[in-house]
Amino acid sequence: MSRRAADRWAETKAPSLAEIEALADAAFAALPEEFRILCAGVRIHVDDFPDGETLTEMGCESEFDLLGLFRGVGLAQSGEVVSGQMPNAVWLYRRPLLDYWAEHDETLGHLVTHVLVHEIGHHFGLSDDDMAGIEAAADDITPSEA
């Protein structure tokens, strides 16, 4: 690493909540319009960590176990909006995202996009198993097939 590159890293701080939110907003804006339209009303939040109640509900052993979460009534289950119903929302958790990023070889932008799309997949009614199958099938496509 050159001295100049080392100097840049010496001055670099971990991305803030606002910076992670900007990455999420950019990732959402880059999604196809048809996809974004179906996400009307879904709010995106960024917090450092999930709260204790969420960690317990999700069976997490550590506050670093959860990168993101969808809360709400997905499209597959929704009917009419019920009075008092909380809006559908996606949470991204900054510190677990940064921890995962530090341990893996992918860009932070790619990671935030992946987690955001995964959580929005729950809004569409997809399970974790459904999404794993879709991702595996996409990984099996060679560039000439794409």
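Analyst: Happy to, and one definition comes in handy at the start: a residue is buried under 20% relative accessible area, exposed over 50%, and partly exposed in between, using a 1.4 Å probe and protein chains only. This is a predicted model, so local features need pLDDT of at least 70 and side-chain atom pairs count only at pLDDT 80 or more, while totals for chains, interfaces and linings use all residues. Residues are numbered from 1 along each chain as its sequence is written, and side-chain values use heavy atoms, leaving out hydrogens and water.

First, the setting. The protein has seven helices and three strands, where helices (H or I, at least four residues) and strands (E, at least two) are DSSP runs numbered from the N terminus. Read from the N terminus, the order of elements is α-α-α-β-α-β-β-α-α-α. Of the 146 residues, 26% count as buried. The protein exposes about 9,800 Å², and carbon and sulfur atoms supply 53% of that area (Shrake-Rupley method, 1.4 Å probe; for residues, only the protein chains shown count as cover). Counting a contact as heavy atoms within 4.5 Å, 66% of the contacts between residues at least 6 apart in sequence join residues at least 24 apart.

The part I would pick is helix H5, which covers residues 94-103 and includes Arg 94. Four residues of H5, namely Arg 94, Pro 96, Leu 97 and Leu 98, are buried. Their cover includes H2, S1, S3 and H6.

Arg 94 deserves a stop of its own. This arginine counts as buried because its relative accessibility is 13%. Apart from neighbours within four places in sequence, Arg 94 is in contact with Ala 14, Pro 15, Ser 16, Leu 17, Ile 20, Val 46, Asp 47 and Asp 48. With Asp 48 there is a side-chain polar contact of 2.6 Å (N or O atoms within 3.5 Å; within protein, one able to donate a hydrogen and the other to accept it, with residues adjacent in sequence counted only if both atoms are side-chain atoms). Arg 94 and Asp 48 also form a salt bridge, their closest N and O atoms lying 2.6 Å apart. Arg 94 sits in helix H5 and Asp 48 in the loop between strand S1 (43-47) and helix H4 (52-57), so this pair ties together parts that are 46 residues apart in sequence. The term salt bridge stands for a side-chain nitrogen of Lys or Arg within 4 Å of a carboxyl oxygen of Asp or Glu.

Glu 57 lies in helix H4 and Arg 71 in strand S2 (residues 68-71), so the pair ties together parts 14 residues apart in sequence. Glu 57 is partly exposed at 49%, and Arg 71 is partly exposed at 28%.

Finally, a look at the rings. Phe, Tyr and Trp rings (the six-membered one for Trp) pair if their centres lie within 6.5 Å; planes under 30 degrees apart count as stacked, over 60 as edge-to-face and the rest as tilted. This rule gives two aromatic pairs. The ring centres of Phe 35 and Phe 124 are 4.9 Å apart with planes at 35°, so the pair is tilted. Phe 35 lies in helix H3 (residues 33-37) and Phe 124 in the loop between H6 and helix H7 (128-140), so the pair ties together parts 89 residues apart in sequence. Phe 49 and Phe 64 form an edge-to-face pair, 5.1 Å centre to centre with 85° between the planes. Phe 49 is in the loop between S1 and H4 and Phe 64 in the loop between H4 and S2, 15 residues apart. Phe 64 counts as partly exposed, at 30% relative accessibility.
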